[in-house]
Amino acid sequence: MPHTPSRLLAEGPRVGIRHFTYADGAEFTARARESKDLHHPWLFPPDSPRAYEAYAARLIEDRTKAGFLVCEKDADGTAGEASGGAIAGFVNINNIVEGGFLSGALGYGAFAHAAGRGLMREGLDLVVRYAFGPMRLHRLEINVQPGNAASIALARACGFHLEGFSPRMLHIDGAWRDHQRWAITAETVAPG
């Protein structure tokens, strides 16, 4: 049987990361619909084919963004099909600035079937290392609403440090929401 090369950009013991594709729409939107209660009121990933196509297009085609799917590995530790295993969640790097800044802002979400299993921690660690390695970024920032305890715990567990508070920073779910700013720089991450 011929070997099918994996599209994984990096992998850990239980997950791998890869870029979004348009072909991921059906699985991604089904998982987003299953996860509405988990995500509300913090985030609203696309849950229809049309919304996914527009969302994926921005991540695939815009040089100031990079989208990563966190995919579970099969029970035998392999990545399964060429695309990897089931989508456990996603991590996006937005507002990528090159030049002297070399920075990006992270957004992420786990899907309900993967929540609480440590898969997103492993996936976020992989994205951080990829951003500081092949992408050559220097700084990553996460903006989190103060009441989102799970997201704050993930940022802290992955080595991000609280830098400040921004009142009415982002417009989410019909209102301007306060956010905490968490950040990490390449110097604080062990090579890996």
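Modeller: Two strands pair if DSSP finds at least two bridges between them. Keep in mind that this is a predicted model.

Colleague: How many bridges join β2 to strand β3?

Modeller: Strand β3 covers residues 66–72. It runs antiparallel to β2. Pairing requires at least two bridges, and the number joining β2 to β3 is five.

Colleague: In β3, which residue is the bridge partner of isoleucine 17?

Modeller: Isoleucine 17 belongs to β2 and stands opposite alanine 10. Its bridge partner in β3 is valine 70.

Colleague: How many residues lie between β1 and β2 in their hairpin?

Modeller: Strand β1, residues 10–11, pairs with β2 in the antiparallel sense over two bridges. The two strands form a hairpin, and the number of residues between them is three.

Colleague: Is strand β2 largely enclosed by the rest of the structure or largely open, and how many of its residues are buried?

Modeller: Strand β2 spans residues 15–19, which makes five residues. Buried means under 20% relative accessible area. The strand is largely enclosed by the rest of the structure, because the number of its residues that are buried is four.

Colleague: What pattern does the protein chain follow along the sequence?

Modeller: The secondary structure comes to five helices and eight strands. Read along the sequence, they give β-β-α-α-α-β-β-β-α-β-α-β-β.

Colleague: What radius of gyration does the protein chain have, and why does it agree with a compact globule?

Modeller: Along the principal axes, the C-alpha atoms fill a box of roughly 55 × 35 × 30 Å. For 192 residues, a compact globule would have a radius of gyration near 16 Å. The protein chain agrees with this, because its radius of gyration is 16 Å.

Colleague: Among contacts between residues at least 6 apart in sequence, what share joins residues at least 24 apart?

Modeller: Contact here means heavy atoms within 4.5 Å. Of the contacts between residues at least 6 apart in sequence, the share joining residues at least 24 apart is 64%.

Colleague: Is alanine 190 buried, partly exposed or exposed?

Modeller: Alanine 190 lies in the segment after β8, which covers 175–185. Since its relative accessibility is 48%, alanine 190 counts as partly exposed.

Colleague: How far apart in space are alanine 190 and arginine 129?

Modeller: In sequence, alanine 190 and arginine 129 are 61 residues apart. In space, C-alpha to C-alpha, they are apart by 8.8 Å.

Methods. Residues are numbered from 1 along each chain as its sequence is written. This is a predicted model: local features need pLDDT of at least 70, side-chain atom pairs count only at pLDDT 80 or more; totals for chains, interfaces and linings use all residues. Side-chain values use heavy atoms; hydrogens and water are left out. The radius of gyration is taken over C-alpha atoms; the globule rule is 2.2 Å times the number of residues to the power 0.38. Buried means under 20% relative accessible area, exposed over 50%, partly exposed in between (1.4 Å probe, protein chains only).
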